[in-house]
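My entries below follow the order in which I looked things up.

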Amino acid sequence: MTVEIRRAERTKAKLRLGLAGPSGAGKTMSSLKLAKGITPAGRILMIDTERGSGDLYADLFDYDIITLQPPYKPERYVEAIRAGEEAGYDTIIIDSLSHAWSDEGGILDQADKLGKSAKNSYTVWADLTPQHRMLVGAMLNSPAHIIATTRSKQQYELEEYTDSRGNRKSRPVKLGMAPVQREGMEYEFTVFFDIDQAHNARASKDRTNLFKDEIFTPDEKIGERILGWLNSAKEAPPEEIARTKAKILYCLKLLGADVTTQEAIRKSIIGLTQLDGARVENADAILSRLEAKVKAMPPAPPAAPAPAAPKAADPAAGELTPEDEALLAQSADDAARAEAENHD
């Protein structure tokens, strides 16, 4: 295998932004303001799990909405994300991602129900972890900008101390706010904002390096700053685009799709992924979906074994060659015929 060494450079990519805050911090409003700054002339879709609260800002912003009802299984989020991609939305807001973790039908709810009949927790999470990864993959591979909100709660840790009488005791100590999602979920995003009740935000994770030590109110201006950072990156090099296209073509062939002409390829891509292959920004999402379909293909039946070569006879072991067997059979026939003549 050839190992390629190249100079590191940032190429254009879609935004993955997370917002965490307690109830009343303004996560929904903030997400819409940020989306408007990031998508000044594009289309915005909100996936609402907050029981209709997403419609409350329809007089302030221009956006469409998908309302999810319980159960909040990760696969339903994925279906909604893909519906938005197929409809060509530029920015998709997920409000809120916490339901897929802790609400009815979410990962923890499923774990509680499965745990009652499972022998151990390992078998439970062996079924649930792929669901979480599927949702993360849908967000990371989307050709749209993704903004996801999560609820946050106070996080505590037990601290041991010695009281005035010399006795060892434990007491809860506040560690700060933590998002209601699987631990480490915030590291999947390009930038992650924590918002307090006063609508002040701080970046707890920031790959853009735009918000270091800054306290701000998330609004359109912040979205415009992020858009400027996104647009300052270079276009993907032609060789990288060519590699992605080659992988897409390879997957199409494995899936038995028609690849005889460019128009046939375009129709095959739409039929298999519901994404427009003519848009370069869709390439990674198209490849991800095709690879998932290839992975889900049933294994090919094993090839029929080649006929075994005839085993050579071993006279020392009393085995006869085919020629000897034919002579023996002929001798038996001759003997039988002679005996019949004698009886006559």
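**Overall layout**

I began with the secondary structure: ten helices and nine strands in the chain. Helices (H or I, at least four residues) and strands (E, at least two) are DSSP runs, numbered from the N terminus. I keep in mind that this is a predicted model, where local features need pLDDT of at least 70, side-chain atom pairs count only at pLDDT 80 or more, and totals for chains, interfaces and linings use all residues. Residues are numbered from 1 along each chain as its sequence is written, and side-chain values use heavy atoms, with hydrogens and water left out.

I checked burial next. The chain has 344 residues, and 35% of them count as buried. Buried means under 20% relative accessible area, exposed over 50%, partly exposed in between (1.4 Å probe, protein chains only). Then I looked at contacts, meaning heavy atoms within 4.5 Å. Of the contacts with a separation of 6 or more, 59% join residues 24 or more positions apart.

**Helices**

I turned to α7 (residues 238-254) and α8 (residues 262-273). They pack at about 75°, and their axes are 11 Å apart. Axes are lines fitted to C-alpha atoms, for helices over the stretch in contact, and angles run from 0 to 180 degrees between N-to-C directions. That angle makes α7 roughly perpendicular to α8. The cut-offs are under 35 degrees for roughly parallel, over 145 for roughly antiparallel, 65 to 115 for roughly perpendicular, and oblique for the rest. From α7, Ile248, Leu249 and Leu252 make the contact; from α8, Ile265, Ser268, Ile269 and Leu272 do.

I also looked up Thr244, which lies in α7. Thr244 is buried, at 13% relative accessible area. Beyond its neighbours within four places in sequence, Thr244 touches Ala283, Asp284 and Leu287.

In α4 (residues 107-115), I found Ile107, Asp109, Gln110 and Ala111 buried. The buried residues of α4 pack against α2 (74-86), α3 (99-102) and α5 (121-140).

**Aromatic rings**

I counted five aromatic pairs in the structure. Rings of Phe, Tyr and Trp (its six-membered ring) pair if their centres lie within 6.5 Å; planes under 30 degrees apart count as stacked, over 60 as edge-to-face and the rest as tilted. Phe193 and Phe211 have ring centres 5.2 Å apart and planes at 90°, so this pair is edge-to-face. Phe193 sits in strand β7 (residues 191-195), and Phe211 in the loop between β8 (201-206) and β9 (215-216), 18 residues apart. Phe193 is buried at 0% relative accessibility, and Phe211 is buried at 1%.

Phe211 also pairs with Phe216, tilted, at 5.0 Å centre to centre and 35° between the planes. Phe216 is buried too, at 6%. I noted that Phe193, Phe211 and Phe216 form one aromatic cluster.

**Charges over rings**

I looked for charges over rings (NZ of Lys or CZ of Arg within 6 Å of the ring centre and within 35 degrees of the ring normal). Arg10 lies over the face of Trp229, 4.1 Å from the ring centre. Arg43 lies over the face of Tyr89, at 4.0 Å.

**Phe189**

My last entry is Phe189, in the loop between β6 (168-179) and β7. Phe189 is buried, at 3% relative accessibility. Its C-alpha atom is 8.1 Å from that of Lys205, 16 residues apart along the chain. Leaving aside neighbours within four places in sequence, Phe189 has contacts including Arg16, Leu17, Met139 and Lys205.
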